[in-house]
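Please keep the sequence and the model in view while working through the numbered points.

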Amino acid sequence: ASEYQVKAAFVYNFIKFVAWPSGEPSTGGTLRLCILGEMPDAAPFNDLNGQEVMGKRLQVVRLRNPQDARSCQVLFLSSSLSRQLSETLEFVRGRPVLTVGDTDGYAQRGVMINMYLENKRVRFEINAETAVQAGLQVSTKLLNLAGTVHGTTRTGK
């Protein structure tokens, strides 16, 4: 599998280990997975469109503007956003939007789940503090699988 096929599969599975506040995601039978920024290979993410997860259909949406991210439940932030990451995160700060990235330093800068390569394998780190501030609850199972957890202990306390 290509690097982005693995990353798309990770994102799909991350959704299963996150609890949104009651009533969220409130977009009926769909869950919006938004992609912001340029990616070397977006096809594996596009292949997630229409897949079922947690009883909802994934709707994969490419965003042009960061302010449109407010309507997403999951927001994938590409490395091309590195320079404007802080401004982009402001649009979803405190909202129940799971932010996911794949760029060194993104978790320390406020992205909730950040994937990285280690020995040619995709690993991930979690910024649990940012997730809690957004009202999202990350499963202790996912916290325990993370290479690094920022902002809390692995037990979720």
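**Note on the sheet, its strands and selected residues**

1. Strands β2 and β4 run parallel to each other and are paired over seven bridges. Within this pairing, Leu-36 has Leu-63 of β4 as its bridge partner. It should be kept in mind throughout that the model is predicted.

2. Strand β2 also pairs with β5, again in the parallel sense, through four bridges. Here Leu-33 is the bridge partner of Val-74 in β5. In general, the strands of a sheet are paired through backbone hydrogen bonds, and the pairing may be parallel or antiparallel.

3. Is β2 largely enclosed by the rest of the structure, or left open, and why? Six of its seven residues are buried, so β2 is largely enclosed. Ile-35 belongs to this strand. Ile-35 counts as buried because its relative accessibility is 0%, and the cut-off for buried is under 20%. Val-132 is 97 residues away from Ile-35 in sequence, and their C-alpha atoms are 22 Å apart in space.

4. The wider arrangement may now be described. The sheet is open and consists of eight strands in the order β3-β4-β2-β5-β6-β7-β8-β10, with mixed pairing. The edges are formed by β3 (52–53) and β10 (148–150); each has a single partner strand, so one side of each lacks a neighbour in the sheet. Helix α1, residues 3–16, packs on this sheet and touches β2, β3, β4, β5, β6, β7 and β8. The direction of α1 makes an angle of about 145° with that of β7.

5. Strand β5 (residues 74–77) and strand β6 (residues 98–101) are parallel and are joined by four bridges. Val-74 lies opposite Leu-98 of β6 in this pairing. Val-74 was also named above, as the bridge partner of Leu-33.

6. Strands β6 and β7 are paired in the parallel sense over two bridges, and Gly-101 stands opposite Asn-114 of β7. Between β7 and β8 the sense is antiparallel, and the pairing extends over six bridges. In that pairing, Leu-117 faces Val-122 of β8. These two strands form a hairpin with two residues between them, and Asn-119, in the turn, has a positive phi of about 50°.

7. The loop between β6 and β7 contains Asp-102 and also Asp-104. Beyond its neighbours within four places in sequence, the residues in contact with Asp-102 include Tyr-4, Lys-7, Phe-76, Leu-77 and Asn-114.

8. At 71% relative accessibility, Asp-104 counts as exposed, because the cut-off for exposed is over 50%. When neighbours within four places in sequence are set aside, Asp-104 is in contact with Asn-114 and Tyr-116. Asn-114 is also among the contacts of Asp-102. Asp-104 lies 41 residues from Leu-63 in sequence and 22 Å from Leu-63 in space, C-alpha to C-alpha.

9. Helix α3 (residues 85–90) contains Thr-88. Thr-88 is buried, with a relative accessible area of 1%. A polar atom of its side chain lies 2.8 Å from the backbone oxygen of Gln-84. Not counting residues up to four places away in sequence, Thr-88 touches Leu-36, Pro-66 and Leu-77.

10. How many cavities of 30 Å³ or more does a search of the whole structure find? The search finds one. The largest cavity has a volume of about 90 Å³. Its lining is made up of Leu-89, Val-92, Arg-93, Gly-94, Thr-99, Gly-110, Met-112, Thr-130, Gln-133 and Ala-134.

Definitions and conventions: Residues numbered from 1 in each chain as written. Predicted model: local features only at pLDDT ≥ 70, side-chain atom pairs only at ≥ 80, totals over all residues. Heavy atoms only, no water. Pairing = 2+ DSSP bridges. Contact = heavy atoms within 4.5 Å. Axes fitted to C-alpha atoms, helices over the stretch in contact; angles between N-to-C directions. Buried < 20%, exposed > 50% of the residue type's maximum accessible area, 1.4 Å probe, protein only. 1 Å grid on protein atoms, 1.4 Å probe; cavity = no way out; pocket = protein on both sides within 12 Å on 5 of 7 lines; lining within 4 Å. Points joined across faces, edges and corners; volume = space filled by probe spheres on them. Polar contact = N/O pair within 3.5 Å; in protein donor to acceptor, adjacent residues only side chain to side chain.
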